[in-house]
Amino acid sequence: MVFRRTHNCGELRISDVNNSVVLNGWIDSIRNIGKIIFIDLRDRYGITQIVVEKEELVRKAKELRNESVVSIKGLVRKREGNPNKRILTGEIEVVADEINIYSIAEPTPFVIQNDVRATEELRLKYRYLDIRRESIRDKLMLRHKAAFETRRFLNENNFVEVETPFLTKSTPEGARDFLVPSRLNKGKVYALPQSPQLFKQLLMVSGMDKYFQIVRCFRDEDLRLDRQPEFTQIDIEMSFVNQDDVMELTEDLLRHIFRSCVNYEIKEFVRISYKEAIDKYGSDKPDLRFGLKMCDITEIIRKMTGKIKMFDEAIREGGIIKILPIGSNMNLTRAEIERLENEIKSLGAKGLARFRVDSEVDWTLASWTKEIPEEVKKEIISKANIEKGSVVFVQFGDSKLVNNVLSFVRNAIAEKFGLKKRDEYKFVWIYDFPMFEFSEEDKRLVACHHPFTSPKEEDIGFLESEPLNVRANAYDITLNGFEIGGGSIRIHSAELQKRVFKVLGLSETEINSKFGFLIEAFKYGVPPHGGIALGFDRLIMLMSGAESIRDVIAFPKTTSGACLMTDAPSVPEEKQLLEAGIRFIEEVKHE
């Protein structure tokens with residue numbers, strides 16, 4: 001028999017004294033002091049202390065262990081002794097009249113407590129136990145609240161939630177698709193969507209005007225702390241809008257979520273161009289909780305060609321020279337600098353050149369600085385606003401490598417000196433991204449965002465002749481050094497869309513095969529439209545202060561894409577493979 005619960009374990013107060021109640025939950029702890037047993041009963045709402053005094057109930061309670069599931073009928077009384085101020089029910093206790101035992105738990109693989117000492121692998125294997133911990137449960141509750149408030153806000157702003165298909169067509173233009181073989185159509189596959197991009201554009205063609213979806217997406221890519229093979233995004237699309245419209249709507253949504261869920265008022269949304277972000281911070285997702293700006297001194301150094309060989313070679317090969325000044329109040333030990341040097345070598349850097357500015361013309365720590373003329377030193381100090389006593393890190397060579405290395409150093413130093421405040425949220429919009437970039441892996445042009453992003457109107461004429469100089473109507477929003485969303489104003493012309501596809505190397509046949517349905521739809525009246533997708537998991541990770549995206553997902557995968565709890569992915573049965581028309585081929589190892 002199940003006792004019908006009258007209250008949860010977090011709601012009884014001193015005003016409930018002398019009331020008869022029924023509580024259901026898990027035993028958080030049990031203390032046997034002879035003739036009396038004290039039980040802390042837990043559910044997701046809180047903890048209530050139970051006092052077992054009746055002799056027959058004491059005998060029954062002695063059978064119990066932590067994490068056993070029980071119902072308690074009893075009378076609320078004022079807690080004897082001092083209140084327990086650590087819990088909301090700390091002024092009362094419940095004296096048990098009846099105990100109903102539903103299940104007696106075996107010893108758990110780890111202790112269910114916030115400061116758990118178990119490895120992450122063990123916690124993921126027994127994730128259902130890990131979720132019992134308050135620290136994980138609270139993050140899932142925050143996730144629920146944020147999703148609820150997102151729907152509330154968008155509904156009040158005339159958005160309609162529309163579900164789009166999970167089984168769709170593979171159009172590989174970004175990360176790798178997860179493929180799903182079709183049993184009914186042997187030899188053909190579906191793809192799990194990397195995003196609902198094409199469907200939400202088609203919804204604009206259909207006249208839905210304002211669409212949103214809190215949607216699951218899938219990407220078969222390498223994983224990190226802030227990535228999973230399946231993830232959730234807040235997907236938004238709007239008709240008859242420009243870039244500012246989408247950005248302002250997103251800002252209002254984020255203000256609402258932070259105000260409603262964590263009682264935080266967002267002060268500002270900084271807007272900087274992609275070029276400025278790379279120039280000053282070496283990254284298109286800069287953390288602006290701290291300063292530490294870089295400075296490109298390539299043109300200054302170019303004036304003194306012949307003085308320093310390593311700089312001359314970098315400039316001759318089309319590279320850049322950048323510096324990162326560190327204030328005199330941030331003293332790094334030799335061991336810390338050596339550790340930094342070892343870490344950046346994994347990024348491809350050869351080392352970490354540096355010098356200290358003792359005065360405008362006196363620079364130490366590096367003998368090569370003696371070759372720099374005084375007027376050049378003064379110009380560098382003036383341009384980079386370098387204070388006396390500062391240590392200046394130097395990188396030169398390929399621009400992408402230089403920016404990656406100095407961005408890594410910038411963040412490492414900020415971490416070392418506690419400049420990344422956990423209770424501070426700095427939002428930054430990055431706009432005017434390049435439309436295309438050259439992929440060294442594929443040896444061809446690829447879209448920086450996706451091929452449905454519209455180019456800047458003034459750059460359209462350069463699509464075929466100078467594609468790398470074309471800017472996109474694309475925008476990312478970042479928070480504390482993480483990209484939390486990206487969007488764009490889309491192409492709404494079939495002719496322009498085909499031109500972009502051709503710049504990316506697609507033939508007319510490939511365009512029709514992969515995207516014919518989109519081009520066809522554009523023939524029947526398509527409004528200008530744009531939108532954004534916010535990474536929901538990443539947003540909750542940052543809001544909650546979690547160390548990893550895995551802490552805010554109920555049942556996450558490991559960095560290898562495995563579910564330790566269910567042992568997925570698993571080897572299919574031969575019958576399943578035959579029905580789907582699949583045959584696995586052993587990987588060929590090249591000597």
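Student: Where is Gln49 found?

Tutor: Strands here are DSSP runs of E, at least two residues long, while helices are runs of H or I with at least four, and both are numbered from the N terminus. Gln49 sits in strand β3, residues 46–52. Before we go on: this is a predicted model, where local features need pLDDT of at least 70 and side-chain atom pairs count only at pLDDT 80 or more, while totals for chains, interfaces and linings use all residues. Residues are numbered from 1 along each chain as its sequence is written, and side-chain values use heavy atoms, leaving out hydrogens and water.

Student: Is Gln49 buried or exposed?

Tutor: Buried means under 20% relative accessible area, exposed means over 50%, and partly exposed lies in between, using a 1.4 Å probe and protein chains only. Gln49 has a relative accessible area of 5%, so it counts as buried.

Student: Which side chains make a polar contact with the side chain of Gln49?

Tutor: A polar contact is a pair of N or O atoms within 3.5 Å; within protein, one must be able to donate a hydrogen and the other to accept it, and residues adjacent in sequence count only if both atoms are side-chain atoms. The side chain of Gln49 makes one with the side chain of Arg79 at 2.8 Å, and one with the side chain of Glu93 at 2.8 Å.

Student: And what is Gln49 in contact with, leaving aside neighbours within four places in sequence?

Tutor: Contact means heavy atoms within 4.5 Å. With those neighbours left aside, the partners of Gln49 include Arg31, Phe38, Ile39 and Val94.

Student: What about a helix: which residues of α13 are buried?

Tutor: In α13, residues 494–503, they are Ala494, Leu496, Gln497, Val500, Phe501 and Val503. These buried residues pack against strands β18 (436–439) and β19 (444–447) and helix α14 (508–521). Just after α13, Gly505 takes a positive phi of about 95 degrees.

Student: Now the whole protein. How many helices and strands are there?

Tutor: The protein has 16 helices and 22 strands. Of its 591 residues, 49% are buried. Its C-alpha atoms fill a box of roughly 95 × 70 × 60 Å along the principal axes. Among contacts between residues at least 6 apart in sequence, 68% join residues at least 24 apart.
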